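Student: Hi, could you walk me through this one? I'd like to ask things as they come to me.

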Amino acid sequence: MNRTFLKGVNHGIPIGLGYLSVAFTFGMKAVADGLSPAQALLISMTNVTSAGQFAGLPLILTQASMIEIALTQLVINLRYALMSLSLSQRLDKTMTTLHRLIFSFMNTDEIFAVASGQPEKVGRVYLYGLMSTPYIGWSLGTILGAMAGQLLPEFLRTALGIAIYGMFLAIILPPAKKERPVRVVVLLAVAMSLMFRYLPVLNQVSSGFVIIICAVAASAAGALLFPVGEEGAP
């Protein structure tokens with residue numbers, strides 16, 4: 001087998017192991033919320049976006065409109081477009097339009113970071129190897145979590161369900177503790193989310209549009225309050 005492909009596979013193994021644990025949580029939650037293991041697996045195999053899938057799950061279950069679901073996913077996953085633009089400068093000539101389209105499906109945060117960190121330009125063979133193990137880990141973790149969600153006792157499923165909140169806290173808290181702009185944006189988003197949860201009229205807005213409004217408004221406020229200077233420092 002091509003050594004460049006194996007190099008990509010090897011670099012993707014740690015990502016795949018991390019994805020397995022997160023996807024396990026998604027599989028459990030999807031089944032607990034009413035989806036079948038096959039449906040949960042299909043979602044993971046055709047999306048590969050943790051935040052997008054967790055946000056889209058309640059919209060699917062409440063039969064939200066296609067426009068609401070599409071806008072929610074657009075806001076949550078818009079960062080991938082920016083990462084793709086950046087990574088495009090690191091691709092060699094073997095990455096034709098077709099291969100770019102295929103790779104874009106798996107251009108996640110972690111894969112982008114690893115690919116961008118390579119000392120030389122990367123091509124299709126390396127990238128296909130890099131994306132293969134994370135894809136397997138994401139799919140395998142989902143079906144294992146979905147099956148566990150059906151087999152484990154209720155008290156254990158409830159306990160493991162807390163893992164999703166721990167995952168998001170682990171993402172938010174470290175940068176929020178170090179950077180004041182991140183802390184302010186997070187608090188603004190939380191405050192607006194509580195308003196939509198408990199205030200009359202506002203609590204009638206569907207969850208998908210709440211995500212869109214809170215994400216866009218908090219991000220815009222952060223950009224206005226903490227503009228980035230020419231040297232990259234706020």
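Student: Is L71 buried, exposed or partly exposed, and why?

Tutor: L71 counts as partly exposed because its relative accessibility is 35%. Buried means under 20% relative accessible area, exposed means over 50%, and partly exposed is in between, with a 1.4 Å probe and protein chains only. Before we go on: this is a predicted model, where local features need pLDDT of at least 70, side-chain atom pairs count only at pLDDT 80 or more, and totals for chains, interfaces and linings use all residues. Residues are numbered from 1 along each chain as its sequence is written, and side-chain values use heavy atoms, with hydrogens and water left out.

Student: Got it. Where is L71?

Tutor: L71 sits in helix 4, and helix 4 covers 66–77. Helices here are DSSP runs (H or I, at least four residues), numbered from the N terminus.

Student: Which nonpolar surface patch is L71 part of?

Tutor: One of about 530 Å², made by I67, L71, L74, L78, F209 and I213.

Student: Which helix gives the most to the patch?

Tutor: Helix 4 does, with 3 residues. Helix 12 (207–225) also supplies at least two.

Student: What about Q73, buried or exposed?

Tutor: Q73 is buried, as its relative accessible area is 18%. Q73 is in helix 4 too, and a polar atom of its side chain lies 2.9 Å from the backbone oxygen of G52. A polar contact is a pair of N or O atoms within 3.5 Å, one able to donate a hydrogen and the other to accept it; residues adjacent in sequence count only if both atoms are side-chain atoms.

Student: New topic: where does helix 1 bend?

Tutor: At I13, by about 40°, and the proline P14 follows within four residues. The bend is the angle between axes fitted to the seven residues ending there and the seven starting there.

Student: And what comes after helix 1?

Tutor: G34 follows helix 1, and its phi is positive, near 120°.

Student: Which residue other than glycine has a positive phi near 70°?

Tutor: V201. V201 lies in the loop between helix 11 (180–198) and helix 12, and V201 counts as exposed because its relative accessibility is 68%.

Terms used. Patches are made of residues with over 30% relative accessible area and no salt bridge: like charges are joined within 9 Å, nonpolar side chains (Val, Leu, Ile, Met, Phe, Trp, Tyr) within 5 Å. Accessible areas come from the Shrake-Rupley method with a 1.4 Å probe; for residues, only the protein chains shown count as cover. A salt bridge is a side-chain nitrogen of Lys or Arg within 4 Å of a carboxyl oxygen of Asp or Glu.
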